[in-house]
Amino acid sequence: MSFKKENLDLILVPAGLLIMFAYHLFLLYRYIHRPHTTVIGFENTDKEAWVERVLQADKEAISNALTVIASNTSAATFLCSVCLTLSSLIGAWLGNSSNNFFVSNLIYGDTRQSTMSIKYICILTCFFIAFCCFVQSARNFVHANYLITTPNCEVPMETVKLTVLRGGEFWSLGLRSLYFALDLILWFFGPIPMFVSSVIMVFILYYLDTNTKPLHYHQNLYTHKASSTSNCSVAKY
């Protein structure tokens, strides 16, 4: 039996996706057990310190914090719109039966209609997951807005921290889904570009996700200001 170009999709595409999934499982392990070695864990430390400062600050600082929360919410909402727009464009492309560029002989790989349908479904799934993650990110940031502006601020500090961190985690998940979508877009040009992009993307993401800087231990103002008078009494658990 001679090796056909259609068989490349059965080898290179699963291999590329396996490389991407293996890297993100490795990143998840580091984030859970050694968060200081990841950029996400490093940023979470700064976010926790930021929440402590905000809940102990005056009204002017709280207004600045609300501006920060609003910018994160706007960014998540914008990416939600981008995901929906790209999904609509892909749906319109799928419905355009006269477009046969991706089934031409220029594409070295499987160009059958069934394979093309699988490609569209995979990329639409990635955009749908990204949309859901960005929606949840915006929801958590809006909830953090309510918690910070609660009268008398009788809200556990850990609750506010958890809400802000969840918003950031859903934001990261949405971005990861977009990375997978970018990888699958190159699959339309053949399995070889898709596999090469998977390898290159893993190297780039490893460089961007790795933190080599030592953690900056912020001074805990909560313990130093516990005895001072404040308009915001925070219950820390």
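This is a predicted model: local features need pLDDT of at least 70, side-chain atom pairs count only at pLDDT 80 or more; totals for chains, interfaces and linings use all residues.

1. Residues 24 or more positions apart provide 81% of the contacts in the protein that have a separation of 6 or more.

2. The overall make-up may be stated briefly. The protein has seven helices and zero strands, and its pattern along the sequence reads α-α-α-α-α-α-α. Of its 237 residues, 36% are buried. The protein exposes about 13900 Å², and carbon and sulfur atoms supply 66% of that area.

3. Is alanine 76 buried or exposed? Because its relative accessibility is 0%, alanine 76 counts as buried. When neighbours within four places in sequence are set aside, the residues in contact with alanine 76 are Phe134, Ser137, Ala138 and Trp171. A separation of 9.1 Å is found between the C-alpha atoms of alanine 76 and phenylalanine 131, which stand 55 residues apart along the chain.

4. Lysine 161 deserves a separate remark. It is placed in helix α5. Why is lysine 161 described as buried? The relative accessible area of lysine 161 is 6%, and buried means under 20%, so lysine 161 falls in the buried class. Apart from neighbours within four places in sequence, lysine 161 is in contact with Glu48, Val51 and Glu52.

5. Serine 197 is found in helix α6, which covers residues 191-209. With a relative accessible area of 11%, serine 197 is also buried. Which residues does serine 197 contact, leaving aside its neighbours within four places in sequence? They are Asp183 and Leu186. The side chains of serine 197 and aspartate 183 are, moreover, joined by a polar contact of 2.4 Å.

6. The largest pocket contains about 630 Å³ of space. Its lining consists of 22 residues, and those nearest the centre of the pocket are His24, Ser172, Leu173, Arg176 and Phe180. Three helices, α1 (8-33), α4 (113-148) and α5 (157-185), each contribute at least two residues to this lining. Helix α5 gives the most, with nine residues. By residue class, the lining of the largest pocket comprises 15 nonpolar, four polar and three charged residues.

7. The second largest pocket has a volume of about 420 Å³. It is lined by 21 residues, with Glu43, Lys47, Gly168, Trp171 and Ser172 nearest its centre. Two or more lining residues come from each of α2 (39-56), α3 (59-95), α5 and α6. Which helix gives the most to the lining of the second largest pocket? It is α5, with eight residues. The lining of this pocket divides into twelve nonpolar, four polar and five charged residues.

Definitions and conventions: Residues are numbered from 1 along each chain as its sequence is written. Side-chain values use heavy atoms; hydrogens and water are left out. Helices (H or I, at least four residues) and strands (E, at least two) are DSSP runs, numbered from the N terminus. Buried means under 20% relative accessible area, exposed over 50%, partly exposed in between (1.4 Å probe, protein chains only). A polar contact is a pair of N or O atoms within 3.5 Å; within protein, one must be able to donate a hydrogen and the other to accept it, and residues adjacent in sequence count only if both atoms are side-chain atoms. Contact means heavy atoms within 4.5 Å. On a 1 Å grid over the protein atoms alone, a cavity is a set of points where a 1.4 Å probe fits but cannot get out, and a pocket is an open set with protein on both sides within 12 Å along at least five of seven lines; lining residues have an atom within 4 Å of a point. Grid points are joined across faces, edges and corners, and a volume is the space filled by probe spheres set on the points. Ala, Val, Leu, Ile, Met, Phe, Trp, Tyr, Cys and Pro count as nonpolar, Asp, Glu, Lys and Arg as charged, and the others, Gly among them, as polar. Accessible areas come from the Shrake-Rupley method with a 1.4 Å probe; for residues, only the protein chains shown count as cover.
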